[in-house]
Amino acid sequence: MPGGNRYLLKTDAAIENSFLLTRYYTSCSPTILMMEMNSPSYEGACLCGGVKLEVSGQPGNAGFCHCESCRLWHAAPINAWALWKNEYVKIVQGEDLLDGFDTGTSHRFWCRRCGSGILNRKPNGRTVVYAAILAKSGYVHEAICHIHCQESVFEVQVGLPKYQDLPSKWGGSGDLVAQ
Ligand SMILES: [Zn+2]
Ligand SMILES: [Zn+2]
């Protein structure tokens, strides 16, 4: 699916299943924990490649956030987030390059050399990994919801032309991806 959309939106039934799964995992037996340890892992890296992380298994939850804190910190209209328990997120290279900023509810870390956002430690033992940095390793962002929409300032406009690179008058091929 060239140029295809990797961001999938789950149905209500899938959301309910996801909540049931979360409840199931909170009463984890050792067998379930072993299954989690054997589940796939994904790797991510910052723009300069100095910081690398690895996450194990699938996130407990994933979605899109419209809050002001995410928007200003990422300088982006929306943030794609995925949430893991702290123990399933490992910095495997470049920990010395990480710098952090604590808002009180989010402790956000980035690479000091290139500025890429890497992760966000939450007070409840969970870590938000910025989903975009995992995409190259096969991670598919199965979002279950949008959050903090009352703080949203940019409407996501659907139906606009989607160029493979750039419009021809801006020096690109002008080719569109199928919608
Ligand atoms: Zn970097
Ligand atoms: Zn946010």
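Is Leu134 buried or exposed, judging by its C-beta neighbours inside 10 Å? The views below take this up, starting with some housekeeping. This is a predicted model, in which local features need pLDDT of at least 70, side-chain atom pairs count only at pLDDT 80 or more, and totals for chains, interfaces and linings use all residues. Residues are numbered from 1 along each chain as its sequence is written, while chains are lettered from A and ligands numbered from 1 in the order in which they are written.

**View 1. Leu134 sits in the loop between β10 and β11 (141-143).** Leu134 counts as buried because it has 22 C-beta neighbours inside 10 Å; the cut-offs are 20 or more other C-beta atoms within 10 Å for buried, 12 or fewer for exposed, and partly exposed in between, with C-beta atoms placed from the backbone. Setting aside residues up to four places away in sequence, Leu134 touches Tyr42, Gly44, Val55, Val129 and Tyr139 (contact: C-beta atoms, placed from the backbone, within 7 Å). Strands are DSSP runs of E, at least two residues, and helices runs of H or I, at least four, numbered from the N terminus.

**View 2. Ala75 lies in the loop between α3 (68-74) and β5.** Although Ala75 is not a glycine, its phi is positive, about 50°. Ala75 counts as exposed, since 8 C-beta neighbours fall inside 10 Å.

**View 3. His148 follows β12 (145-147).** Here too is a residue that is not a glycine: His148 has a positive phi of about 55°. With 16 other C-beta atoms within 10 Å, His148 is partly exposed.

Definitions and conventions. Two residues are in contact if their C-beta atoms, placed from the backbone, lie within 7 Å.
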